[in-house]
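Dear colleague,

Please find the structure below.

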Amino acid sequence: MKSINIGICGLGTIGAGTFNLIDQNSTIITQRTGREIRVIQVSDLIDNPACDLSSVDLSRDIFEVARNPQVDILVELIGGTTTALKLILSAIENNKHVVTANKALIAQHGREIFAAAEQKGVMVAYEASIGGGIPIVKALREGLAANRVQWIAGIINGTSNYILTEMEEKQRDFADVLSEAQQLGYAEADPTFDIEGIDAAHKLTILSSIAFGHPLQFDQAYTEGIAEITQTDIRFASELGYRIKHLGITRRLEEGVELRVHPALIAKKDLLANISGVMNAVMVNSDAAGSTMYYGAGAGAVPTASAVVADIIDMTRSLDLPSAERIPYMSFQPEHIQEEKILPVSEIHSAYYLRMDVLDKPGEMANISRILSEDQISIEALIQKEAHTSGQEAPVPIVIITDRVKESLMDHAIAAIEEIPDLRGRVTRIRVESLAGE
Ligand code: HSE
């Protein structure tokens, strides 16, 4: 049978990992596909010494790969959303199937890409865009295809999880751990994408659409990163039986879909609280299967290459199928993808961790409790520490865990607490999520 010819655009960390994995596991891959998969062309502006390119055509022009009549599948690993979009559209125009690891591109331009691909009858696959080596797209599109998904919650940014883990376990400094994550190849080219939650929001946007069948709506995702998390909050959370994790949560409710990425306290006994380092995990709660969880390396050359090559293998197996018989790009048939309201974060319900510094004077705690009760917010747990210096002018930290409440009410209560004259600084607020695998 004719071999399947691959062109790889971008020979960075994942590109080199993909090139080498296809070579290293070629025998077993052929045993599984029944056809040889050959990389015939690669393209990048600079060589990568991790790859032996002696037997492939090397081009400095990525668009040459998109036009190459010998290439069956173009693998886009250049990143970014401008040239990458042009490259993919050019490949589709030239009747090539496309595999990409580019979550930003799919989250922001997926609609245009899938529409173009559908018109041309070619496949576009993006397993590597979420959770590195974890086959979560496959699980949602195929393994759970009989289910109505209720919610998904995941640790989907390895860099943030690595930083939070090191901060908690080794009391390391944020900047120091971030620089290590960059050296290890976990962080995005622009690491603010990781620490501000943008990378996780790209991934969650895609997960939500595949799970619920609504169009990709990255611009509606609520995004908050880990840059404000301090050792103080990590310690207080621990004292209360929680760990701080950066989560992506999407949930279908009658009034709309929650699509939010932010740090959250989760009970130490919860499965997601025990995902450490660069590892990712996605928990899916659905009506028939119940809660299922998918765990693995969320970043790094070889795990991500595993997902890229899995897509190439899937495509190779489906090449001879008519388009209508292939798995739909976004899990639902295009005519069944329906607009859904994405709820603004002010409409979500959550429990909250609040930390504030107040002068050590009689009546301050009563003031705070009164404000919370006026907004119908009940207190679940409370820590008040004695002042480190004597005298009533010394501020003391107060930490409160509240019951679940609508976020707009919590916004109102925090604004009122921040008006208390004896409050020093602002109120720190972190959501508290209950994600037991029920
Ligand atoms: N920068 C990403 C992360 C890489 O840290 O998870 C994988 O998408």
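On a 1 Å grid over the protein atoms alone, a cavity is a set of points where a 1.4 Å probe fits but cannot get out, and a residue lines it if one of its atoms lies within 4 Å of a point. This is a predicted model, in which local features need pLDDT of at least 70 and side-chain atom pairs count only at pLDDT 80 or more, while totals for chains, interfaces and linings use all residues. Residues are numbered from 1 along each chain as its sequence is written, and side-chain values use heavy atoms, with hydrogens and water left out.

The largest cavity holds about 40 Å³ of space, a volume being the space filled by probe spheres set on the grid points, which are joined across faces, edges and corners. Its lining consists of Leu164, Thr165, Glu168, Ile234, Arg243, Ile244 and Lys245. At least two of the lining residues come from H7 and at least two from strand S9 (242-253); helices (H or I, at least four residues) and strands (E, at least two) are DSSP runs, numbered from the N terminus.

Polar contacts are pairs of N or O atoms within 3.5 Å. A backbone N or O atom of Gly158 is 2.7 Å from a ligand oxygen atom, and a backbone N or O atom of Tyr186 is 2.7 Å from a ligand nitrogen atom. Asn157 places a polar side-chain atom 3.5 Å from an oxygen atom of the ligand.

Yours sincerely

How values were computed: Polar contact = N/O pair within 3.5 Å; in protein donor to acceptor, adjacent residues only side chain to side chain. 1 Å grid on protein atoms, 1.4 Å probe; cavity = no way out; pocket = protein on both sides within 12 Å on 5 of 7 lines; lining within 4 Å.
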